[in-house]
Amino acid sequence: MKKILISLLAVVVLVGGIYFGSNLKPPKPTITIENNTVKVAQGSYCWRGLINAQCVDMISPPDIIKHHELKPVIVSPEAELKIDFNRKPLENTLTASLWLSNGETENAPLNDNVLVVPKEKGVYIYSVSANWEKGSSGYVFVIEVK
């Protein structure tokens, strides 16, 4: 009987640890374009767990790209980029921005989590952000239109 209780307690602790551990950070998106997966870096976020909450302020998206040494994914002009999350963000909270060379940003329109990349050749840095009931998060990635 004692072994059964110890085993049951161990399972509860293990499941609880996995649950609490998986809810400490926001979900990361899966970004795909032309059958390629784009590497994504974590940007700034605020997230609430069951026990604690934290806000993490990151460096600018261009600096995140340099820091993580992200290489651009080569894509065709006007290709469609799809953004998916394993935990769906709150409705109408997913946004995207294109970082310009002068450090400013411009809105990058999304239609059903799909972003159409520019037709002009070049390297483009994007940031995307979304909200969930537990908080908000931003992400950064880079593509090259050839």
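A pocket is an open set of grid points with protein on both sides within 12 Å along at least five of seven lines, and its lining residues have an atom within 4 Å of a point. The views below show a predicted model.

**View 1. Lining of the largest pocket in the predicted model.** The residues around this pocket are Asp84, Phe85, Lys88, Pro89, Leu90, Glu91, Asn92, Thr93, Leu94, Leu110, Asp112 and Asn113. The volume of the largest pocket is about 360 Å³. Its lining divides into five nonpolar, four charged and three polar residues.

**View 2. Lining of the second largest pocket.** This pocket has a volume of about 160 Å³. Leu98, Tyr126, Pro109 and Pro118 are among the lining residues, as are Glu106, Asn107 and Asn111. Two or more lining residues come from each of β8 (105-107) and β10 (114-116). Strand β10 contributes the most, with three residues. By class, nine lining residues of the second largest pocket are nonpolar, two are polar and one is charged.

**View 3. The five-stranded open sheet.** The strand order is β2-β1-β6-β10-β9, with antiparallel pairing. Because β2 (36-38) and β9 (110-111) each have a single partner strand, they stand at the edges, and one side of each is left without a neighbour in the sheet. Strand β10, which gives three residues to the lining of the second largest pocket, lies between β6 and β9 in the strand order.

**View 4. Pairing of β1 with β2.** Strand β1 covers residues 29-33 and pairs with β2 in the antiparallel sense over three bridges. Within this pair, Ile31 stands opposite Val38 of β2.

Conventions: Residues are numbered from 1 along each chain as its sequence is written. This is a predicted model: local features need pLDDT of at least 70, side-chain atom pairs count only at pLDDT 80 or more; totals for chains, interfaces and linings use all residues. Side-chain values use heavy atoms; hydrogens and water are left out. Two strands pair if DSSP finds at least two bridges between them. Helices (H or I, at least four residues) and strands (E, at least two) are DSSP runs, numbered from the N terminus. On a 1 Å grid over the protein atoms alone, a cavity is a set of points where a 1.4 Å probe fits but cannot get out, and a pocket is an open set with protein on both sides within 12 Å along at least five of seven lines; lining residues have an atom within 4 Å of a point. Grid points are joined across faces, edges and corners, and a volume is the space filled by probe spheres set on the points. Ala, Val, Leu, Ile, Met, Phe, Trp, Tyr, Cys and Pro count as nonpolar, Asp, Glu, Lys and Arg as charged, and the others, Gly among them, as polar.
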